[in-house]
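I opened this entry to look up some contacts and packing. My notes follow the display.

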2 protein chains.
Amino acid sequence: MAEEAKEEIKNENIEAKEEVEETVVEELAEEKTPKKTELELAQEKAEEFENKYLRAHAEMQNVQRRANEERQQLQKYRSQDLAKAILPSLDNLERALAVEGLTDDVKKGLEMTRDSLIRALNEEGVEEVVVESFDHNLHMAVQTLPADEEHPADSIAQVLQKGYKLHERLLRPAMVVVYS
Amino acid sequence: MAEEAKEEIKNENIEAKEEVEETVVEELAEEKTPKKTELELAQEKAEEFENKYLRAHAEMQNVQRRANEERQQLQKYRSQDLAKAILPSLDNLERALAVEGLTDDVKKGLEMTRDSLIRALNEEGVEEVVVESFDHNLHMAVQTLPADEEHPADSIAQVLQKGYKLHERLLRPAMVVVYS
């Protein structure tokens, strides 16, 4: 009976052990699945925010770069509108100076005014358009004359109104009479 | 003996169970620690990048906001330098117009030139400084006259040179003679 009992209890023991192990395996299985998912979720979240961060960082650098470029452009061409608007005053002054019979005082006053206007424009990067041979990017032909041996095609006969550019940007073309 | 054996085996059983549980606990502990660390690391990484992302995002908005403000300021005051530089031309024109004995043609030409300059300046936001009673923010007293009953202190006797401002920013003060 003792043997029998021992045997019986051994079996019970084994069963108990198995039961315990089973429970443990279940517990492990139960804990493993959500734990792995939690880890995966955390890893996915980390990756997602790393990507978001990298994109935001790159975008910020782009925003800064664009803002700098834009600022430089704005600075470079800031005087464009006012410069364009005062060109007619400069034209008027030059026309007034071409009038015959001005007193010396008036002539001197007009010249000073014209020169200070030109100086102010130059300081902002405004320059007169060079008029050598006809260039459709810089000149507007408002009249043509027939070309001959002395006056080859595309040579300029007369400048009716000066052209101006701000740095490389044309403010207005020179109005010219051109041989063609 | 059967009872004794049973008892003994029960104890063994309990011990065995405890042993099994201990092993399981150890196994769990062994598995939990690295697993928890990995999870913690992932969570920390996720949190770190979330914070970095939020900071980068906020910084980007600041950069954009500042760039917009700066662009608006640049646009608003873009004509400041050129406007300031052409004020002497306007002074010259007004002085020329004050000269006696101008022919009508010259006078008309000068007036047109002056008016187109003023119009160009106005369009960019440049306005003449108002001269009513003396304001040290807008006027510069270059000469004083003794105040009397007819001319109270701080009233303006004469404007020697007009002042101008660009929006609310003073380009140059009006030069005045003031009673004091």
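Predicted model: local features only at pLDDT ≥ 70, side-chain atom pairs only at ≥ 80, totals over all residues.

Next I looked up the nonpolar cores. The largest has 38 residues, and Ile86(A) and Ile86(B) are those with the most contacts inside it. I listed the elements that give two or more residues to this core: α2 (80-97), α3 and β4 (164-166) from chain A, and α2, α3 (104-123) and β4 (164-166) from chain B. Another core, of six residues, lies apart from it and includes Ala56(A), Phe49(B), Tyr53(B) and Ala56(B).

I then turned to one helix pair. Helix α3 of chain A (residues 104-123) packs against helix α2 of chain B (residues 80-98) at an angle of about 175°, and their axes are 9 Å apart. On the α3(A) side the residues are Met112(A), Thr113(A), Ser116(A), Leu117(A), Ala120(A) and Leu121(A); they meet Leu82(B), Ala85(B), Ile86(B), Ser89(B), Asn92(B) and Leu93(B) of α2(B). I sorted the residues of this contact into eight nonpolar, four polar and no charged.

Last, I checked Ser79(A), in the loop between α1 (2-76) and α2 of chain A. Is Ser79(A) buried or exposed? Its relative accessibility is 1%, and buried means under 20%, so Ser79(A) counts as buried. With residues up to four places away in sequence not counted, Ser79(A) touches Glu124(A) and Leu166(A), along with Arg78(B) and Leu82(B).

Definitions and conventions. Residues numbered from 1 in each chain as written. Chains lettered and ligands numbered in written order. Heavy atoms only, no water. Axes fitted to C-alpha atoms, helices over the stretch in contact; angles between N-to-C directions. Helix = DSSP H or I, 4+ residues; strand = E, 2+ residues; numbered from the N terminus. Contact = heavy atoms within 4.5 Å. Nonpolar A, V, L, I, M, F, W, Y, C, P; charged D, E, K, R; others polar. Core = buried A, V, L, I, M, F, W, Y, C linked by side-chain atoms within 4.5 Å. Buried < 20%, exposed > 50% of the residue type's maximum accessible area, 1.4 Å probe, protein only.
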